[in-house]
Amino acid sequence: MSGNHQLLTDTLAAAKAEGRAALIAYLPAGFPTVDGGIEAIEAVFDGGADVVEVGLPHSDPVLDGPVIQTADDIALRGGVKIADVMRTVRETHRATGKPVLVMTYWNPIDRYGVERFTAELAEAGGAGCILPDLPVQESALWREHAEKHGLATVFVVAPSSKDERLAEITAVGSGFVYAASLMGVTGTRESVGAQAEELVRRTRGTGSGLPVCVGLGVSNATQAAEVAGFADGVIVGSAFVKRMLDAPDHASGIAAVRELAGLLAKGVRGRA
């Protein structure tokens with residue numbers, strides 16, 4: 001069975017055709033429970049997200065800040081497994097028909113088996129993977145299996161990435177490029193910063209034609225509108241997780257993430 005790389009490509013192209021950036025949301029699988037996480041992702045789609053990244057909870061993150069680490073810890077203590085991540089992808093894609101990616105560090109895939117992971121993700125209807133710690137020069141095995149199964153391979157670039165590195169990444173990446181707006185870990189910020197716009201410009205300058213989506217720091221509609229002014233997609237994670245963590249009960253958390261998605265959806269349309 002083939003994955004939904006093409007659905008991701010078409011979704012980003014449709015947003016561009018509407019003259020706006022896409023809204024890409026992130027929530028970890030298994031948070032606060034597997035069923036609760038599925039419900040939260042469906043609520044985010046219902047609120048207006050175009051794409052969702054499902055986080056594979058990991059005990060030793062290098063990109064995730066304290067908010068997402070807290071959610072990951074809750075999921076891991078709850079016993080979340082890769083099978084639960086696949087179920088989350090399957091059920092949310094089936095319910096919405098929208099592209100669902102997995103964001104994961106490399107070690108869990110390496111231990112699980114690249115062929116097994118890509119085959120199961122494709123069978124679940126996944127659109128691809130974001131792999132923040134897989135060096136592009138060591139990615140050939142992953143890309144071979146991802147391409148075979150119709151999955152996108154999204155690499156992360158940072159303001160420190162040299163132009164030759166950007167060219168190397170965009171030459172082999174697919175789906176989109178994840179541009180980290182600043183040096184550091186995930187989390188909400190007061191401002192996203194000029195570094196992000198310059199990074200988008202340099203990444204587009206490689207001529208690959210891949211959409212460039214910006215994450216790290218976006219937490220409200222005003223910031224989303226700002227980033228939408230120069231990026232193809234706006235990625236929001238910690239703000240959704242924080243809404244869930246701060247809610248007095250699960251139902252309130254679901255309502256809060258649906259509401260935030262609606263506000264951000266207005267932001268990427270320039271109506272913040």
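Trainee: Where does Thr88 sit?
Mentor: Thr88 is in helix H4. Helices here are DSSP runs of H or I with at least four residues, strands are runs of E with at least two, and both are numbered from the N terminus. This is a predicted model, in which local features need pLDDT of at least 70 and side-chain atom pairs count only at pLDDT 80 or more, while totals for chains, interfaces and linings use all residues. Residues are numbered from 1 along each chain as its sequence is written, and side-chain values use heavy atoms, with hydrogens and water left out.

Trainee: Is Thr88 buried or exposed?
Mentor: Thr88 counts as buried, at 1% relative accessibility. Buried means under 20% relative accessible area, exposed means over 50%, and partly exposed is in between, with a 1.4 Å probe and protein chains only.

Trainee: And what does Thr88 touch?
Mentor: Leaving out residues up to four places away in sequence, Thr88 touches Ala29, Val34, Ile38, Ile41 and Val54. Contact means heavy atoms within 4.5 Å.

Trainee: Okay, charges next. How many salt bridges are there?
Mentor: The count comes to 15 salt bridges. The rule asks for a side-chain nitrogen of Lys or Arg within 4 Å of a carboxyl oxygen of Asp or Glu.

Trainee: Which residue does Arg87 pair with?
Mentor: Arg87 forms a salt bridge with Asp35, and their closest N and O atoms are 2.4 Å apart. Arg87 is in helix H4 (residues 82–96) and Asp35 is in helix H2 (residues 34–47), so the pair ties together parts that are 52 residues apart in sequence. Arg87 counts as partly exposed at 28% relative accessibility, and Asp35 counts as partly exposed at 48%.

Trainee: What about Arg77 and Asp73?
Mentor: Their side chains meet in a salt bridge, 2.8 Å from N to O. Arg77 and Asp73 both lie in helix H3 (residues 66–77), four residues apart, which is about one turn of the helix. Arg77 counts as exposed at 69% relative accessibility, whereas Asp73, at 36%, counts as partly exposed.

Trainee: Why does four apart work in a helix?
Mentor: An α-helix has 3.6 residues a turn, so residues three or four places apart point the same way.

Trainee: How is S5 joined to S4?
Mentor: Three bridges join S5 to strand S4 (residues 128–130), and the two run parallel. Ile130 stands opposite Val154 in S5.

Trainee: Are the faces of S7 covered or open?
Mentor: Both faces of strand S7 (residues 177–180) are covered: Val177 and Ala179 are buried on one side, and Tyr178 and Ala180 are buried on the other. In a regular strand the side chains alternate between the two faces of the sheet.

Trainee: Last one, helix H9. Which of its residues are buried?
Mentor: In H9 (residues 194–204) the buried residues are Ala196, Leu199, Val200, Arg202 and Thr203. Seen down the axis of H9, they fall within an arc of 165 degrees, so they line one face of the helix. The arc is that of the directions from the helix axis to the C-beta atoms. On the other side of H9, Ala194 and Arg201 are exposed.

Trainee: What do the buried residues of H9 pack against?
Mentor: They pack against S6, H8, S7 and S8.

Note on methods. Two strands pair if DSSP finds at least two bridges between them.
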